[in-house]
Amino acid sequence: MSRRVERVNSLLHREIAKIIDRDVPLPEGVLVTVTRVETSPDLRQARAFVTVLAPGLDEKKILSRVKEHESLIRSKVAPAITFRFLPEILILEDKALIREQKMRRLFAEVESDSTLGPGPA
């Protein structure tokens, strides 16, 4: 990844996170975190990966609410960047955290099974 793309990713990450926090209407107690932004080499498309923490609420619905505001996010990002073309911004669920939690759970199960001793032979 080029240095320029890295700088664009960093700038978009900051701006998108601020906009979601400030301008996207979310229920009380919901936390939406931008975990990373990946911009295409031609800077025409940016994928913003987010995680949603919504105790007692449907996280998929919260994610779809954030996705509904992609055009608002893009319009609010525009003044902050000075590119010839404003990248198309896609909001996607970051499944890495979900996979990590699943792996930790599986490792914990294996570890607890191994502390029980050898199984029947």
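1. Start with the second largest pocket: β1 contributes the most to its lining, with four residues. Together with β1, helix α1 (3–23) is an element that supplies at least two lining residues. Helices here are DSSP runs of H or I with at least four residues, strands are runs of E with at least two, and both are numbered from the N terminus. A pocket is an open set of points on a 1 Å grid over the protein atoms alone, where a 1.4 Å probe fits, with protein on both sides within 12 Å along at least five of seven lines; a lining residue has an atom within 4 Å of a point.

2. Before going on, a word on the model. It is a predicted one, where local features need pLDDT of at least 70 and side-chain atom pairs count only at pLDDT 80 or more, while totals for chains, interfaces and linings use all residues. Residues are numbered from 1 along each chain as its sequence is written, and side-chain values use heavy atoms, with hydrogens and water left out.

3. Back to that second pocket, which holds about 190 Å³ of space. Its volume is the space filled by probe spheres set on the grid points, which are joined across faces, edges and corners. The lining includes Ala17, Ile20, Asp21 and Val24, and also Val32, Thr33 and Val34. By class there are nine nonpolar residues, one polar and one charged.

4. The largest pocket has a volume of about 280 Å³. Two or more lining residues come from each of β1 (31–39), β2 (45–53), α2 (59–68) and α4 (96–114). Here β2 has the largest share, four residues. Of the 14 lining residues, Thr51, Val52, Glu59, Leu97 and Ile98 lie nearest the centre.

5. The charged end of arginine 36 is over the ring of phenylalanine 49, at 4.0 Å from its centre. Arginine 44 is over the face of phenylalanine 85, 3.7 Å from the ring centre. How many aromatic pairs are there? The count is zero, taking rings of Phe, Tyr and Trp (its six-membered ring) as paired if their centres lie within 6.5 Å.

6. Most residues other than glycine have a negative phi. Is leucine 43 buried or exposed? Leucine 43 counts as buried because its relative accessibility is 10%; buried means under 20% relative accessible area, exposed over 50%, and partly exposed in between (1.4 Å probe, protein chains only).

7. Valine 37 belongs to strand β1 and is buried too, with a relative accessible area of 7%. From valine 37 to alanine 54 the C-alpha distance is 22 Å, for 17 residues in sequence.

8. Serine 75 is in helix α3 (residues 70–77) and counts as partly exposed, at 43% relative accessibility. A polar atom of the serine 75 side chain lies 2.8 Å from the backbone oxygen of leucine 72. Serine 75 and leucine 86 are eleven residues apart along the chain, with their C-alpha atoms separated by 9.1 Å.

9. Arginine 3, in helix α1, is exposed at 57% relative accessibility, and its C-alpha is separated by 16 Å from that of arginine 44. Proline 25 is in the loop between α1 and β1 and is partly exposed at 47%. Proline 25 and glutamate 88 are 63 residues apart along the chain, and 21 Å separates their C-alpha atoms.

Conventions: Nonpolar A, V, L, I, M, F, W, Y, C, P; charged D, E, K, R; others polar. Polar contact = N/O pair within 3.5 Å; in protein donor to acceptor, adjacent residues only side chain to side chain. Phe/Tyr/Trp six-rings, centres within 6.5 Å; stacked < 30°, edge-to-face > 60°. Lys NZ or Arg CZ within 6 Å of the ring centre and 35° of its normal.
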